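Please keep the sequence and the coordinates at hand while reading.

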Amino acid sequence: MHSIVEYISGHEGYKCGYCKSPNTNFSHGMWAHTLTVSDYQDLIDRGWRRSGKYCYKPTMDVTCCPMYTIRCRALEFKATKSQKKVLKRFNKYLLGQDNTESSGNLDRKMSCSSLDDNMEHLQEGQECFVEPTQGHQDIDIANVVIGAVQSDKLNVEDDKGEGSTESSSSKNLKENDLEMKCSGPDPTRAPCKKAKQLRRERKLEKLKEKGIDVSIVMNSNKNKEKQIEDFINDLPDDVKQKLEIRLVRTTPPSPEWLATAKETHQVYVKYQTIIHNDKPQKCLEEKFQDFLVKSPLLEEKTETGPPCGYGSFHQQYRLDGKLIAVGVIDILPKCVSSVYFFYDPEYMNLTLGTYGALREIEFTRQLHSSAPELKYYYMGYYIHSCRKMRYKGNFFPSDLLCPETYQWFNIKDCIPKFESTPYSRLDTNIDNIDKNYPTDGDINYVPVLVNGSVFLYKIYKRTIGKKNDDKEEVAEYARLVGTKTAKSLILVR
């Protein structure tokens, strides 16, 4: 299996999807006919990203809104209080305890403008770039969107009537009644148990039935912080609504994907037209396929990899069989990479964007148990200059990729730099360099595909020749992908 790509050198500035400047966004591009998962892992670790079969790398030091590759250390992840609330609320919904309607009244929710500063519940936030038009299919390009509008909190005040003419006896009765209500619980009745306590008791009873010493379990869990898995597994068997997450391979298309393709596209159209106000013609099935189904990644299975193998997938979220959300992901040797997430707007009150990200982190941890090298969750780009994209920084701990040395640094240490300037070298050690930077001699060993045959670049130049010398372009390509990847990818000439 080999990776075959066509390099597209950096074009003129185009419109920025964040600051809306008409011509200040710059990037380099590459059309990937095929990519091995190892090669793509190396590319995203140098700041590249894919949308369909088109790969792009922002020109960080000149673009108006620099985009830093971000990854979450999934094995060390700790949910924030707000993220735990999302998990709890979803569980309550499955139990039938959430009174919030799952559909209707979308206009009110869509008009909410008071977003939380933490940006954990977003209506939208896109990674935008311009696709190449050099003989390839048009790609409708937009990237990772997660989030939903946070529901309003209602402040209820007691009404106070004026000018009432109550008798003194009725007034005394009301005062006595009030005293009884304020004096605490009725001592003659047993205290009510909270649902959490009831679930805990049921869980301990099940452990007892299995012959497990519950005192040991209680002591070991006494000071243990609750993990994502605990929230997911906390549900009893008798939930009113059942959630199922199905993993289906999209490239090559699996029978499961083919059977659900139309249904998936329908949810995508609803999401794009209602959440992002796209026109229906922008959501045609062909464009949907180019953007979120077709992938250059080659299917790969190894003895040390996950049972599902590596490649491109959809995670389908089904509520009692109904498709309500889809997570588009790539499973790579070191990570789960989030490509896109969309959902049925009827369920936007469940904050499905955040819920989906949490479930993808949990899925990464699952895969790690069978593939030890796979331990990161990549969320695309962190863009500090765009407030709507800062929510990615709320998944702790996370690291950003230095655009000059390609080393990872804790996002907490990077934020102060962005407050003074949008672009920053994140590596504070001025002596550190890009260790994967190619020399002039390395260019000679770039494999090139010419008329159906593969040559090393030095052989190609000597035997095939070319009127217009392309050495400068090939050198630029090698610098952007790195020495290792430049010698692995086959470059179309």
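Arginine 50 and aspartate 330 form a salt bridge, with 2.8 Å between the closest N and O atoms; the term requires a side-chain nitrogen of Lys or Arg within 4 Å of a carboxyl oxygen of Asp or Glu. The model is a predicted one, in which local features need pLDDT of at least 70 and side-chain atom pairs count only at pLDDT 80 or more, while totals for chains, interfaces and linings use all residues. Residues are numbered from 1 along each chain as its sequence is written, and side-chain values use heavy atoms, with hydrogens and water left out.

The bridge between arginine 50 and aspartate 330 links distant parts of the chain: arginine 50 belongs to strand β3 (residues 49-51) and aspartate 330 to strand β8 (residues 322-331), 280 residues apart. Helices and strands here are DSSP runs numbered from the N terminus, helices being H or I with at least four residues and strands E with at least two. Are the two partners buried or exposed? Arginine 50 is buried at a relative accessible area of 4%, and aspartate 330 is buried at 0%. Buried means under 20% relative accessible area, exposed means over 50%, and partly exposed lies in between, with a 1.4 Å probe and protein chains only.

The structure holds 23 salt bridges. Side chains of opposite charge can pair when their charged atoms come close. In another of these pairs, the side chains of glutamate 346 and lysine 270 meet at 3.5 Å, N to O. Glutamate 346 lies in the loop between β9 and α10 (352-368) and lysine 270 in helix α8, so this pair ties together parts that are 76 residues apart in sequence. Glutamate 346 is partly exposed, with a relative accessible area of 30%, and lysine 270 is partly exposed at 29%. Arginine 73 and glutamate 76 also form a salt bridge, their closest N and O atoms being 3.3 Å apart. Here arginine 73 is buried at 18%, whereas glutamate 76 is partly exposed at 45%. A network of salt bridges links Lys461, Asp469, Asp470, Glu473 and Arg493.

The next topic is the sheet. It is open and has 8 strands in the order β6-β7-β8-β9-β10-β5-β11-β12, with mixed pairing; two strands pair if DSSP finds at least two bridges between them. β6 (243-251) and β12 stand at the edges with a single partner strand each, so one side of each has no neighbour in the sheet. On average, neighbouring strands of this sheet are turned by 35° against each other, direction ignored; axes are lines fitted to C-alpha atoms, for helices over the stretch in contact, and angles run from 0 to 180 degrees between N-to-C directions. Strand β5 (residues 68-73) and strand β11 (residues 398-401) run antiparallel and are joined by 3 bridges. Isoleucine 70 has leucine 400 as its bridge partner in β11.

How many aromatic pairs are there? The count is 18, where rings of Phe, Tyr and Trp (its six-membered ring) pair if their centres lie within 6.5 Å, and planes under 30 degrees apart count as stacked, over 60 as edge-to-face and the rest as tilted. Tyrosine 271 and phenylalanine 342 form a tilted pair, 6.5 Å centre to centre with 50° between the planes. This pair links helix α8 (residues 255-275), which holds tyrosine 271, to strand β9 (residues 335-343), which holds phenylalanine 342, 71 residues apart. Both tyrosine 271 and phenylalanine 342 are buried. Tyrosine 378 and tryptophan 408 have ring centres 5.8 Å apart and planes at 85°, so their pair is edge-to-face. Tyrosine 378 is in strand β10 (residues 376-382) and tryptophan 408 in strand β12 (residues 408-410), so the pair ties together parts 30 residues apart in sequence. One aromatic cluster is formed by Tyr268, Tyr271, Phe288, Phe291, Tyr340, Phe342 and Tyr343.

The charged end of lysine 412 sits over the ring of phenylalanine 396, 5.0 Å from its centre.

Cysteine 402 is in no disulfide either, and the nearest cysteine sulfur, in cysteine 414, is 8.5 Å away.

Technical notes:
A charge sits over a ring if NZ of Lys or CZ of Arg is within 6 Å of the ring centre and within 35 degrees of the ring normal. A disulfide is a pair of cysteine sulfur atoms within 2.5 Å.
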